[in-house]
Amino acid sequence: MTAPATPLTQLPAWKALEAHHKAIAFQHLRHLFAEDPARGTRFAVEAEGIYLDYSKHRITDETLKLLLQLADQSNLRARIDAMFRGDKINITEDRAVLHIALRAPKGAVINVDGKNVVPEVHEVLDRMAAFSNRVRGGEWKGHTGKPIRNVINIGIGGSDLGPVMAYEALRHYSRRDMTFRFVSNVDGTDFAEATRDLDAEETLFIISSKTFTTLETMTNAHTARQWALAKLGDEKAIAKHFVAVSTNGAEVTKFGIDTANMFGFWDWVGGRYSMDSAIGLSTMLAIGPDNFHQLLAGFHAIDDHFRTAPFEQNLPVLMGLLTVWYTDFFDAQTVAVLPYDQYLKRFPAYLQQLTMESNGKHVTLSGARVNYETGPIFWGEPGTNGQHSFYQLIHQGTRLIPADFIGFSKTLNPLGNHHDLLMANVFAQTEALAFGKTAEQVQAEGTPDWLVPHRVFEGNRPSSTLLLNELTPESLGKLVALYEHSVFTQGAIWQIDSFDQWGVELGKVLAKKIIGELAAKNSPTDHDSSTNTLIARYRKQRG
């Protein structure tokens, strides 16, 4: 797909939004709600079991109209259709972008280079299910005949963040008589702590690397191999204690893994979009094939919604447009994601890769330097913990931080009034952020004049509330797909390629060069004076 003919800042809707922003930038949410008593229901959309309240944003009907015009003028509908058709919209790598095929039903037809890829997807899912049932049922035995009780996923980036997040999010549905751990960091501490209390005879490693050459993953994989052989002794044991998620059969075989236990995926699946592919094997082992298919069903429901819903009722489109509004017109640098469910404690970390690796780009599809902001920083922690940490800055700091609050009407662990207290905080925080507390209100409480400025809340801090019924595998799939397609929407508006990640390459290349220099005897000279000195100092202190 080629870049749009008209630069973003030259589009009529963009110019209109610039003028509109100047007109409403200082309007307060107190005023907007006061003049429109129905605002709380008008600026809300419900679809596929997700209720999105976006009324507490600094927008009017005119804002929404202009943002939707911007989507139309950016050819968002054509770009959505191109992705679902299997067009090669990742132009710098000449690849289709088809994570949506990973959760398509068996009868669907999605072609890449004239071939329907859906049957291949389901063939891998069926093999994953058969393997998972054997392990979970005790039929798959380790080298010494013991069943598998421990599963360790070794990967990095998308091969780790998705599986970790999904396991933590769906722990309620996982096998409690099995242990699941994840190793990603090349720091040896990560591996040492993950295996310290485990028995190699009962441990299965999943090595997740598309190429089977990723430096960090393969370093940890070979350490795992040594750890297993130290206890099991026999090279033949590797085939019983290691499986691969990869496409490089030669390297997998060389490692000692039977390619019958290799689960593949495709170059049209980006790492950060791969948690519902074979990369999710650890997730399926934890929650079982049936629950995994419910997860896929949730993804697919939002895929269909994104593809077909009118933009004014389209959850990912609205979320994406709001992010563009604050990033480019209010100079907001970050977005806070605040899930009020402890199971979602790794959800913000997962979104960091999804959003920032996708849209952290400084050139357009045509290679021109952008003259506007792209890719805000995503961050967050679960509520209510964050309230006692960084909410002070969101409420009374000098930075504008749009926030997404995520809550569930039902809890998976009903204990007294815990859940009512939790959700009361969701509603209270969004209200406090929007409306704040004026100096007059503070004075009316009897506050001394000198203390009044310290207790004033300016308000006018924007937030969305996403309310779902219950955290299930299906609802988790919906949440992830929601943010995936919001990222797509933002990238389409910004005219960037959301599906490459060249920014991660340079550091990898330099690291490979420096590895050899750390063990060399001669003083390093090939770098800048800072890097040369740091290498020399490290070598001296290491001895």
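Mentor: In this predicted model, a contact means heavy atoms within 4.5 Å.

Trainee: Among contacts between residues at least 6 apart in sequence, what percentage join residues at least 24 apart?

Mentor: The count takes in contacts of the protein chain between residues at least 6 apart in sequence. Within that set, the share that joins residues at least 24 apart is 74%.

Trainee: How many helices and how many strands does the protein chain have?

Mentor: Both kinds of element occur in the protein chain. The strands number 13, and the helices number 22.

Trainee: Why is the protein chain said to be as compact as a globular protein of its length?

Mentor: For 543 residues the globule rule gives 24 Å. The chain's radius of gyration is close to that value, so the chain is as compact as a globular protein of that length. Along its principal axes, the C-alpha trace spans about 75 × 60 × 60 Å.

Trainee: What percentage of the residues is buried?

Mentor: A residue is buried when its relative accessible area is under 20%. Of the 543 residues in the protein chain, the buried share is 54%.

Trainee: Which element gives the largest share of the lining of the largest cavity?

Mentor: The structure holds three cavities of 30 Å³ or more, and the largest has a volume of about 150 Å³. It is lined by 15 residues, and those closest to its centre are Met 319, Leu 322, Thr 323, Val 335 and Asp 404. Two or more lining residues come from each of helix H14 (315-329), strand E12 (403-408) and helix H20 (473-494). The largest share, four residues, comes from H14.

Trainee: How many charged residues are in the lining of the largest cavity?

Mentor: By class, this lining has eight nonpolar and six polar residues. The number of charged residues is one.

Trainee: Which element gives the largest share of the lining of the second largest cavity?

Mentor: This cavity holds about 120 Å³ of space, and 12 residues line it, with Arg 79, Ile 89, Phe 488, Ile 496 and Phe 499 nearest its centre. By class, the lining has eight nonpolar, two polar and two charged residues. The largest share, three residues, comes from H20.

How values were computed: Residues are numbered from 1 along each chain as its sequence is written. This is a predicted model: local features need pLDDT of at least 70, side-chain atom pairs count only at pLDDT 80 or more; totals for chains, interfaces and linings use all residues. Side-chain values use heavy atoms; hydrogens and water are left out. On a 1 Å grid over the protein atoms alone, a cavity is a set of points where a 1.4 Å probe fits but cannot get out, and a pocket is an open set with protein on both sides within 12 Å along at least five of seven lines; lining residues have an atom within 4 Å of a point. Grid points are joined across faces, edges and corners, and a volume is the space filled by probe spheres set on the points. Ala, Val, Leu, Ile, Met, Phe, Trp, Tyr, Cys and Pro count as nonpolar, Asp, Glu, Lys and Arg as charged, and the others, Gly among them, as polar. The radius of gyration is taken over C-alpha atoms; the globule rule is 2.2 Å times the number of residues to the power 0.38. Buried means under 20% relative accessible area, exposed over 50%, partly exposed in between (1.4 Å probe, protein chains only).
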